[in-house]
Amino acid sequence: MDNTPMLQLKNVSKTLGSKVVVNDISLDIHSGEIFGLLGPNGAGKTTTIRMLVGLLSITEGKVLMNGVNIEKDFELAISQVGAIIENPELYDYLTGYQNLIHFSRMSGNVSKERIDEIIQMIGLENAIQARVKTYSLGMRQRLGLGQALMHSPSILILDEPTNGLDPSGIREFRQLLIKLAKKGKMAVLVSSHLLAEMEMMCDRIGIIQHGKLIDVQSVHDFVESEKKLTVTFTVDRVDLAEQTVQQEFDNKSYSVSHKAIEVHLEYNQVPQVTKSLVEKGIKIYGITSTQKTLEDKFLEVTGGKPIV
């Protein structure tokens with residue numbers, strides 16, 4: 001990953017009336033990186049994205065696209081950006097190919113070879129000559145991505161890019177974005193409510209709440225920062241197992257059921273607990289463990305507020 005940020009937010013704030021919607025956000029996104037932006041309803045996520053592409057003015061702070069200030073030189077800065085905000089803007093009465101031709105003319109000198117490359121990249125070879133009004137929502141998203149990539153941008157900003165796609169389409173879209181970021185050396189900013197998908201797609205995750213960026217970590221660190229596991233021991237003597245955990249691991253939270261005890265542990269403590277139970281003469285019939293997912297961590301950080 002390149003150490004020079006392609007996209008920079010420096011102390012960015014947005015005030016609407018008397019309300020501070022985005023509050024002093026600073027963030028760097030690098031070439032070859034997919035950064036996921038998450039936030040509960042009304043957190044300021046969409047407002048932030050709109051400021052990045054010039055749909056909303058910036059009250060304070062600055063946004064740099066490959067070092068170019070978006071307010072001082074908007075045309076040069078935005079020329080390096082491809083984006084889909086909410087839904088792609090398409091002409092329904094034109095074919096998919098005609099839409100790409102039209103957009104290529106607005107993007108400058110785009111060759112026919114580049115257009116053909118884009119069509120293959122987005123997987124619309126069999127439908128590109130059909131009118132867009134016949135397209136499914138997922139096909140429209142693909143065509144919108146094609147438009148966003150037409151001018152070979154170095155920064156890609158996508159708001160809910162997998163909206164309307166079936167599971168197979170989501171997987172293909174994810175693989176395409178990863179390929180674009182890694183091989184194409186693009187900086188990709190993705191906003192989505194599909195937490196499991198973001199976990200598989202993104203290198204880093206940022207959570208916005210009440211207009212502030214409250215946490216930024218790599219996806220790996222986000223879900224494994226404390227290496228916490230929930231370990232279920234299926235045993236013959238639940239009462240004795242509970243007594244053992246209380247006496248020897250009194251700082252660990254646990255719960256019991258008819259045939260099992262569930263203990264919250266760090267990874268390296270699992271053998272210790274297993275050894276203690278065996279030494280007490282407790283028969284262990286099974287040990288299963290689960291780690292926190294991005295969804296678990298998100299709900300923990302935001303207090304269980306829904307995401308949009």
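The dialogue below takes up the model's basis, then its salt bridges, a sheet and a cavity.

Q: What kind of model is this, and how are residues numbered?
A: This is a predicted model, in which local features need pLDDT of at least 70, side-chain atom pairs count only at pLDDT 80 or more, and totals for chains, interfaces and linings use all residues. Residues are numbered from 1 along each chain as its sequence is written, and side-chain values use heavy atoms, with hydrogens and water left out.

Q: How many salt bridges does the structure hold?
A: A salt bridge is a side-chain nitrogen of Lys or Arg within 4 Å of a carboxyl oxygen of Asp or Glu. The structure holds ten of them.

Q: Which residue forms a salt bridge with Asp116, and where do the two lie?
A: The partner is Lys112, with the closest N and O atoms 2.9 Å apart. Both residues lie in helix 4 (residues 112-122), four residues apart, which is about one turn of the helix. Helices (H or I, at least four residues) and strands (E, at least two) are DSSP runs, numbered from the N terminus.

Q: Is Asp116 buried, partly exposed or exposed?
A: Buried means under 20% relative accessible area, exposed over 50%, and partly exposed in between (1.4 Å probe, protein chains only). Asp116 has 29% relative accessibility, so Asp116 counts as partly exposed.

Q: Which residue meets Arg114 in a salt bridge?
A: Arg114 pairs with Glu117, at 3.4 Å from N to O. Arg114 counts as buried because its relative accessibility is 16%, whereas Glu117, at 39%, is partly exposed.

Q: Where do Lys280 and Glu248 lie?
A: Their side chains meet in a salt bridge of 3.9 Å, N to O. Lys280 lies in the loop between helix 10 (270-279) and strand 14 (284-291) and Glu248 in helix 9 (residues 238-248), so the pair ties together parts that are 32 residues apart in sequence. Lys280 is partly exposed at 38% relative accessibility, and Glu248 is partly exposed at 37%.

Q: What is the strand order of the open sheet of six strands?
A: Strands of a sheet pair through backbone hydrogen bonds, either parallel or antiparallel. Two strands count as paired if DSSP finds at least two bridges between them. Here the order is 6-7-8-3-9-10, with mixed pairing. Strand 6 (81-84) and strand 10 (212-218) stand at the edges with a single partner strand each, so one side of each is left without a neighbour in the sheet.

Q: How many bridges join strand 7 to strand 8?
A: Five bridges join strand 7 (residues 155-159) to strand 8, and the two run parallel. Leu158 stands opposite Val190 in strand 8.

Q: Which residues line the second largest cavity?
A: Rolling a probe the size of a water molecule over the atoms shows where empty space is left. On a 1 Å grid over the protein atoms alone, a cavity is a set of points where a 1.4 Å probe fits but cannot get out, and lining residues have an atom within 4 Å of a point. The lining consists of Leu9, Ile25, Leu27, Leu37, Thr48, Leu52, Leu189, Ile208 and Leu213. Strand 2 (19-30) and helix 1 (45-52) are the elements that give two or more residues to this lining.

Note on methods: 1 Å grid on protein atoms, 1.4 Å probe; cavity = no way out; pocket = protein on both sides within 12 Å on 5 of 7 lines; lining within 4 Å.
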